[in-house]
Amino acid sequence: MSNFYVTTPIYYVNDLPHVGHIYSTVVCDTMARFHRFRGDDVYFLTGTDEHGQKIQRAAAQQGVTPIQLADRVVERYVELWDQLGMTHDDLIRTSQERHHRAVQEMVRRIDAKGDFYVARHEGWYCSGCEAFYTDKELTEEKHCPVHERPAEWEAEENVFFRLSKYQEALLAWYDQDPSPVQPRSRRNEVRAFVEGGLRDLSVSRTKVDWGVSFPGHEGHTVYVWLDALTNYISALGFGSDDTSLFEKFWRSEEPDDQRIHLIGKDILRFHAVYWPAFLLSAGLPLPTSVVAHGWWLVDEKKMSKSVGNVARPDHLVEEFGADALRLFLLRDMVFGQDASFSDEAFVDRFNSDLANGLGNTLSRLVTLSRRAFDGQTPPVGTEWDGALRQFAEQCAGDYLSAMEESAFHRALEALWRLLGETNQFLVRNEPWKKLKNVEERDQVACVLASGLEAVRIVASALLPVMPSTAPKVLEGLGAPTVGNESSLAWGGLPLGAELPESPSLFPRIDKKKYFAAAEKQAEASSAPPPARKSDPDATRAEDSPQIDISQFAEVDLRVADVKAAECVPKSKKLLRLTLDLDGVERTVVAGIQQQYAPEDLVGGQVVIVANLKPAKLMGIESQGMVLAASVDGAAVALRPEKRVPSGTRVR
RNA sequence: GGCGGUGUAGCUCAGUUGGUUAGAGCGAACGGCUCAUAACCGUUAGGUCAUGGGUUCAAGUCCCGUCACCGCCA
């Protein structure tokens, strides 16, 4: 038995929870449950990242305090994790006092090591990124390359961390075998970055009040990443009076103990470069692995079509249960890679794996056994089928090794291979033809017991993945509803046990009906599709400050005909549109190239803000702005339901 | 521009240290069966393994070039 510590990223409270957050947390929860299943001592942490200028500003805009804003979003996370059956041991919030203390302790340790110095720093600053940019990195208009809004020239006297000092130590760390940075392609990426030379890192801010105050530097707060990363140990009591968890899950040096940070690939650098450097400086152990997973992508094109993405993940949960979503997320993504999220894929997976696979196999076995053995599993003394047993042992072994490698898709594949084999086994033996034949009773018992046993093993292995329905399957088999690794061994099925009438655990989804209904609902509520990335627009409508009608009237919205459209060279996002506005030609640049091809728009109509000050984008003057719903950064253009004269006012 | 990755059946992906007719699941078609949730079982799907060249007795699997997409960096 070893200590197993696993963490999700801490989620920024600027953003409401979406598939990406759900996925990270589901993966960690599954890992945590799997390790408990194996008998490890597990600590599973999730949390929220609440500091920074972005939150400060968003709160000010909404007329609330930062902590009020954070509380509101955290509440949503708590509800969601509850709904999804997450078993985290703690949820750390960076606004908590225990966290502040730990961050300050971290700062003191790094300081004691002599790894801080003060320097004046001047440059283009983007508050969205909370980072400085060089001239070259900005766009021609001095806009932030990420947020595409103006960067501000700022000067600060900052505390710097001697990151460059740790270059060699980091490279040596990456080169351990197995590498602590997973998957391998990510390790290479990080290694290349570090090899290219590290610049010291500015780790204090004077423009941000909403943060951890920097010990010894009045008016400075700690850089958000130094602050945020420390959550992984602050939650364990680092810097507090009680460091028992910290000693056990972070400081222990047992070779089998693990400290795993599961992260999205976008925050790899912070976790694989900055965080280990901070820890090295502070004289603390490093994580044993930093595992980066891919993104769930939403296929925009399918979104409004008859089949595709019409429902949000939370609707899927409401309708089909958290376990179905958990299975889908783990089974349909090759771990580490990107995958596309569509509810068509979800429904297909549900029907083929849960309804037809697990549910139906359970159902046919239970019915047969109840009929043959008077409502019970086959009698005590029944022999097992050797071939099926061997097959099951092979699959269970594959499952275990795949789970250890976080290869969830392969682990699940192994279980469904066993279900497939079980169905073939039944057809080969045709027990239903032998029910009435007394002479063949032993053989029927052997076949049914072995079939039930195979399903029992599958259900036991599913406990970490489908924590609320796997026990129901086990219950349906008359087997114990809890389990550990030894439950995967052949022969655990109670013989001669009462077998409840099989309930339909996973009723097949009628795909046509489902999509017809879902589409109607989507139209009615115009539910936004699942979000993917953090998005400043993802705040709730009721959070926006109110304006009066005259303010609205200042905005001149007009319908315009699209005469021509072309991609802006060298831009991934921008389209140059030539519009006709009541006979007057206008050029408008719109950031919708990823969702619309030029030919999708030409001949149609769009709504524009007609009295917007012209602005140059990629060297083209844009005389207006196309209105579009921003769904997590992806544009859905607003277009009149029917054609109206060009220049018609919108109000 | 530099570095790295990917490109295999309609879809999602496996393909070990190069070796007989390139695989799985899903979807589709046909047949079978009837215990079961219109399920289940069997058969079929004829894919230039992105592309051009090279090494080899033999290459999806190694080498070089090209194209496309993606990631990191500049």
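1. Phenylalanine 515 is buried, because its relative accessible area is 4%; buried means under 20% relative accessible area, exposed over 50%, and partly exposed in between (1.4 Å probe, protein chains only). Tyrosine 514 counts as buried too, at 7% relative accessibility.

2. On provenance: this is a predicted model, in which local features need pLDDT of at least 70 and side-chain atom pairs count only at pLDDT 80 or more, while totals for chains, interfaces and linings use all residues. Residues are numbered from 1 along each chain as its sequence is written, chains are lettered from A and ligands numbered from 1 in the order in which they are written, and side-chain values use heavy atoms, with hydrogens and water left out.

3. Aromatic pairs. The whole structure holds 32 of them; rings of Phe, Tyr and Trp (its six-membered ring) pair if their centres lie within 6.5 Å, and planes under 30 degrees apart count as stacked, over 60 as edge-to-face and the rest as tilted. The pair of tryptophan 173 and tyrosine 174 is tilted, because the planes stand at 50 degrees, with the ring centres 5.8 Å apart. Tryptophan 173 and tyrosine 174 are both buried. Tyrosine 514 and phenylalanine 515 make an edge-to-face pair, with 5.1 Å between centres and 75 degrees between planes. Both of these residues also belong to a cluster linked by ring pairs, whose members are Tyr23, Trp296, Phe320, Phe328, Phe341, Phe346, Phe350, Phe506, Tyr514 and Phe515.

4. Charge over a ring. Arginine 259 lies over the face of tryptophan 250, at 5.5 Å from the ring centre; the criterion is NZ of Lys or CZ of Arg within 6 Å of the ring centre and within 35 degrees of the ring normal.

5. Surface near RNA strand B. Helix H6 (184-195), helix H13 (343-372) and helix H15 (408-429) each supply at least two residues, and H13 gives the most, with 10 residues. Helices (H or I, at least four residues) and strands (E, at least two) are DSSP runs, numbered from the N terminus.

6. Atoms at the RNA. Sugar or phosphate accounts for 72% of the atoms of RNA strand B within 4 Å of the protein, and bases for the rest. A side-chain N or O atom of glutamate 189 is 2.9 Å from a sugar or linking oxygen of RNA strand B. Bases are approached by backbone atoms: a backbone N or O atom of glycine 359 lies 3.2 Å from a base oxygen of RNA strand B, and a polar backbone atom of phenylalanine 506 is 2.9 Å from a base nitrogen of RNA strand B.

7. Sheets. An open sheet of 6 strands runs in the order S3-S2-S1-S11-S12-S7, with parallel pairing; two strands pair if DSSP finds at least two bridges between them. Strand S3 (90-93) and strand S7 (181-182) are the edge strands, each pairing on one side only. Strand S1 (residues 3-12) is parallel to strand S11 (residues 258-264) over 4 bridges, and threonine 7 stands opposite histidine 261 in S11. Elsewhere, strand S4 (residues 116-126) and strand S6 (residues 152-161) pair in the antiparallel sense over 10 bridges. Glycine 123 has glutamate 154 in S6 as its bridge partner.

8. Backbone points to check. A cis peptide bond, with omega about -10 degrees, joins glutamine 182 and proline 183; proline 183 lies in the loop between S7 and H6. Aspartate 374 has a positive phi, near 55 degrees, in a residue other than glycine. Aspartate 374 sits in the loop between H13 and helix H14 (386-404) and is exposed, with a relative accessible area of 70%. Serine 406 also has a positive phi, near 60 degrees. Serine 406 lies in the loop between H14 and H15 and counts as buried at 11% relative accessibility.

How values were computed: A residue is near a molecule or strand if one of its heavy atoms lies within 4 Å of it. A polar contact is a pair of N or O atoms within 3.5 Å; within protein, one must be able to donate a hydrogen and the other to accept it, and residues adjacent in sequence count only if both atoms are side-chain atoms.
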